[in-house]
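Hi everyone, thanks for making the time.

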Amino acid sequence: MMLCKKCQGKLEVARSCRRVRMRCQECSHEFHIHEVADILDEETEEILSRYTVLIYD
Ligand SMILES: [Zn+2]
């Protein structure tokens with residue numbers, strides 16, 4: 001499980017159009033993938049691997 005760097009809420013993968021972000025369920029802050037790359041867990045990597053055609057900006 002990945003936790004928000006601001007409030008320790010749970011992060012979920014948020015996909016919109018051609019972007020993928022990690023969104024906090026508590027404070028709704030959206031993180032770019034590269035911002036949370038250091039705390040990526042296996043479950044999340046698995047989900048992101050399905051979006052390889054997308055751009056992680
Ligand atoms: Zn948060």
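Let's start on the inside. The largest nonpolar core has 11 residues in all: Met2, Cys4, Leu11, Val20, Met22, Cys24, Phe31, Ile33, Val36, Leu48 and Tyr51. By nonpolar core I mean a set of buried Ala, Val, Leu, Ile, Met, Phe, Trp, Tyr and Cys residues joined through side-chain atoms within 4.5 Å. Strand S2, residues 19–24, gives the largest share of this core, with 3 residues. As general background, nonpolar side chains tend to be buried together in soluble globular proteins.

Before I go on, a word on the source. This is a predicted model, where local features need pLDDT of at least 70 and side-chain atom pairs count only at pLDDT 80 or more, while totals for chains, interfaces and linings use all residues. Residues are numbered from 1 along each chain as its sequence is written, and side-chain values use heavy atoms, with hydrogens and water left out.

Now the overall layout. The protein has 1 helix and 3 strands, and along the sequence they follow the pattern β-β-β-α. Helices (H or I, at least four residues) and strands (E, at least two) are DSSP runs, numbered from the N terminus. Of the 57 residues, 30% are buried. For the cut-offs, buried means under 20% relative accessible area, exposed is over 50%, and partly exposed is in between, with a 1.4 Å probe and protein chains only. The protein exposes about 4000 Å², and carbon and sulfur atoms supply 46% of that; the areas come from the Shrake-Rupley method with a 1.4 Å probe, and for residues only the protein chains shown count as cover.

On to the sheet. The 3 strands form an open sheet in the order S1-S2-S3, with antiparallel pairing. S1 and S3 stand at the edges with a single partner strand each, so one side of each is left without a neighbour in the sheet. On average, neighbouring strands here are turned by 40 degrees against each other, direction ignored. Those angles use axes fitted as lines to C-alpha atoms, for helices over the stretch in contact, and run from 0 to 180 degrees between N-to-C directions. Two strands pair if DSSP finds at least two bridges between them.

How many bridges join S1 to S2? There are 6, and one example is Ala14, whose bridge partner in S2 is Arg21. Arg21 also stands opposite His32 in S3. S2 and S3 are joined by 3 bridges, and there Met22 has Phe31 as its bridge partner.

Gln8 is exposed, at 53% relative accessible area.

Cys24 touches Cys4, Cys7, Gly9, Lys10, Leu11 and His29, not counting residues up to four places away in sequence; contact here means heavy atoms within 4.5 Å. Thr44 sits in helix H1, residues 42–49, and counts as buried at 8% relative accessibility. Leaving aside neighbours within four places in sequence, Thr44 is in contact with Met2, Val13 and Met22.

Finally, charges. The structure holds 4 salt bridges, each being a side-chain nitrogen of Lys or Arg within 4 Å of a carboxyl oxygen of Asp or Glu. Which residues are linked in a network of salt bridges? They are Glu12, Arg23 and Glu30. The closest N and O atoms are 3.7 Å apart for Glu12 and Arg23. Glu12 lies in strand S1 and Arg23 in strand S2, so this pair ties together parts 11 residues apart in sequence. For Arg23 and Glu30 the closest N and O atoms are 3.2 Å apart. Glu12 is partly exposed at 31%, Arg23 is partly exposed at 31%, and Glu30 is partly exposed at 30%. Elsewhere, Arg50 and Glu46 meet in a salt bridge at 4.0 Å, N to O; Arg50 is exposed at 57%, whereas Glu46 is partly exposed at 46%.
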